[in-house]
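Dear colleague,

Please find below the structure that I am handing over to you. My findings follow directly after it, arranged by region.

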Amino acid sequence: MKIKYTDVLIIGGGLAGLRVATGVKQRGHDAVVLTLVPPKRSHSAAAQGGMQASLANSNMGEGDNEDVHFSDTIKGSDWGADQEVARMFVHCAPKAIRELAHWGVPWSRVQSGDRSAIINAQKVTITEKDEAHGLITARDFGGTKKWRTCYTSDGTGHSMLYAMDNKAKQEKVVIHERQEAISLITDEGRCYGAISRNLRTGELTAYVSKATTIATGGYGRIYSVSTNAIICQGIGQALALETGIATLGNMEAIQFHPTAIVPVGILTTEGCRGDGGLLLDKDGYRFMPDYEPDKKELASRDVVSRRMTEHMRKGKGVKSRYGDHLWLDITILGRDHIEKNLREVKEICEHFLGIDPAVDWIPVRPTQHYSMGGIRTKYTGESQTLKGLYSCGEAACWDLHGFNRLGGNSVSETVVSGMMVAEYIADFCDSHESSMHIHSLKIEEALKTQKERLEALLTKENGEDAYVLRRRMEEIMMDKVGIFRNGKDLQEAVDELEELYKRSKNIEVFRCKSRAANPALVNAYRTQMMIKVALTVALGALQRTESRGAHSREDYPKRDDENWLNRTITSWPEEGQTLPTVSYEEIPIENMELPPGFRGYGKDLTEHHPDTKARQDTVDAITEKLKASGSNRFEIQNALMPYLDKLPPKYQGVNERLGENI
């Protein structure tokens, strides 16, 4: 049996995983990254639009700072986010983006003087200051008060990932490609690494480590149509769930992106609308101002997706053999702008639709895109219940996004959480707490268990077909756990998924019995894990009888702060269970810097918590008193909700901006 030892094991080779690996290496600890694909092929490369950081360099970003970014993030989350985590994030985002510039990301830059832009379908002139020339610029994105989304054309994730991979290689991070973690090694409430399968040879290896980090991205592929890469199947979340100890948070919080192309579901970036693109119906009518007269196409993603769906339900969608869709018009931006700033969108339209978006409208409709839920962690990135297990990026419920994330906050979260969690892991590895007390017999037993599991799949006869089960799971999730939800559909989804899970216990690997490279075997064990993840989503959605952010219940349209201001926590403590265990974690109002309020979209359908007014009065009184005494915004913020002491010391310094004397 093959056993390898390292200080830190990172499962996932995208932006979050590579940033953790680089950070712990810089602190003097060995790191091994396990990745299904070469890192530069990770799904992080698909992020197009940009990364949010309150630099305030451009004309339309003037006045932006951590306070504004924080407010946008909390309102975007529909008050489901951890406000301390959000504060830590907005404080560190400018540091992360400048670090990435130092590492080689070619951020688009401010050019002084006049330039043309499209705002609300009108051509306007923006004048950039001479002193801002050459600094990192930003574009508009949904749900933000300022232009804050920094970008490199529309290939931001691609640029960031290549720079991050190069930096990891420079730091001599060990990366093992085509390796898939299939279970975690645990003993007495502590995680000691993972059992990994070589996708080429089928060989199993035990990677034993002081700290283990899951950074495998989201779980979009439990849906039949998703903007996610085909490797985003929720296996990282399933690994944690199957320990019986680690918990998942807010798994029902699923974001649908408004503008995926029809029929394949590939994303066209929010940058299309941020740069001035319009949403049109079958009559060529711009409908979003009717629903959201203030933010229009740039309302939060969950809002735009629902408005588009409502409009199509009214018969205003474009009929096609793939179902109704709407149009995204970026022709208004002009060919020069498209070929410079939206070139990936142009190539996607040419290759997958056979159209020229500088001339033709793009067929779009809302499609599953992002997972706000994930492995529930502390602010340090460590699991709340399984010591030594960490998670960051989309794989985690940190919880930055609550029930809806802002565009640009996800790719930002990958590197911000990665650089912070790396410091907390390094601190852990430096302490006596990280000492390993696991007998080699336990490791051998873990290897033996996984080998027997795979053999059972290969030798089973007259069993179930994993492909059939998986396709049905995807259909159930798409049809019954989508943008709009109701109790009847959700109950049917839970019942059907539970039956699929029972059937998955009897899967047989058809077509190929190879122990080595065998897609049928891979699909068999992944399907078993994916159905478990799907059940956490469906059951959480069924039991949450309110609407909050991307979780929209037609039978419970109000946001119910009095009863549902909490996080859904799911676990699977007993192997014999056919449904996950669900509990809840309170989001305390008395600690909030920004108490729950109205997001500003549509009608205010909030059932307010009885403690909200008292907390708001306290916040207002503290703010007014400190302003009267001449306190600055940092002192006021610290009085409302201290957080700096939680940050790694190297990231505690304030951020400087043009025009702000610190």
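In strand 2, Ala31, Val33 and Thr35 point one way while Val32 and Leu34 point the other way, and all of them are buried. Please note that this is a predicted model. Strand 2 covers residues 31–35 and is mostly covered, with five of its five residues buried. Its partner is strand 1 (residues 2–11), which runs parallel to strand 2 and is joined to it by four bridges.

Next comes a hairpin. Strand 4 (residues 113–119) and strand 5 (residues 122–128) run antiparallel and are joined by seven bridges. Gly113 has Glu128 in strand 5 as its bridge partner. Two residues lie between the two strands of this hairpin, and Asn120 in the turn has a positive phi of about 55°.

Four strands make up an open sheet with antiparallel pairing, in the order 12-15-14-13. Strand 12 (254–261) and strand 13 (278–280) stand at the edges with a single partner strand each, so one side of each has no neighbour in the sheet. On average, and with direction ignored, neighbouring strands of this sheet are turned by 45° against each other. Strand 12 and strand 15 (residues 362–371) run antiparallel, and six bridges join them. Within this pair, Ile261 stands opposite Val364 in strand 15.

Two helix pairs also deserve a description. In general, two packed helices are described by the angle between their axes and the distance between the axes.

Helix 14 passes helix 15 in a left-handed crossing. The residues of helix 14 that take part in the contact include Leu490, Val494, Leu497 and Tyr501, and those of helix 15 include Ile531, Leu535, Ala538 and Leu542. By class, this contact of helix 14 with helix 15 comprises 13 nonpolar, four polar and two charged residues.

The other pair is helix 17 (residues 612–628) with helix 18 (residues 633–640), whose axes come within 10 Å and cross at roughly 150°. By the same cut-off of 145 degrees, helix 17 and helix 18 are therefore roughly antiparallel to each other. Here the crossing of helix 17 past helix 18 is right-handed. Arg615, Val619, Ile622, Thr623, Leu626 and Lys627 in helix 17 meet Glu635, Ile636, Ala639 and Leu640 in helix 18. The residues of this contact divide into six nonpolar, one polar and three charged.

Finally, I would draw your attention to a single residue. Ile569 has its place in strand 24 (residues 566–571). Why does Ile569 count as buried? Its relative accessibility is 8%, and buried means under 20%. Leaving aside residues up to four places away in sequence, Ile569 touches several residues, among them Thr247, Leu248, Gly249, Arg376, Val582 and Tyr584. Ile569 and Tyr643 are 74 residues apart along the chain, and their C-alpha atoms are separated by 24 Å.

With kind regards

Definitions and conventions:
Residues numbered from 1 in each chain as written. Predicted model: local features only at pLDDT ≥ 70, side-chain atom pairs only at ≥ 80, totals over all residues. Heavy atoms only, no water. Left-handed = near helix turned anticlockwise from the far one by under 90°. Contact = heavy atoms within 4.5 Å. Nonpolar A, V, L, I, M, F, W, Y, C, P; charged D, E, K, R; others polar. Pairing = 2+ DSSP bridges. Axes fitted to C-alpha atoms, helices over the stretch in contact; angles between N-to-C directions. Parallel < 35°, antiparallel > 145°, perpendicular 65-115°, else oblique. Buried < 20%, exposed > 50% of the residue type's maximum accessible area, 1.4 Å probe, protein only.
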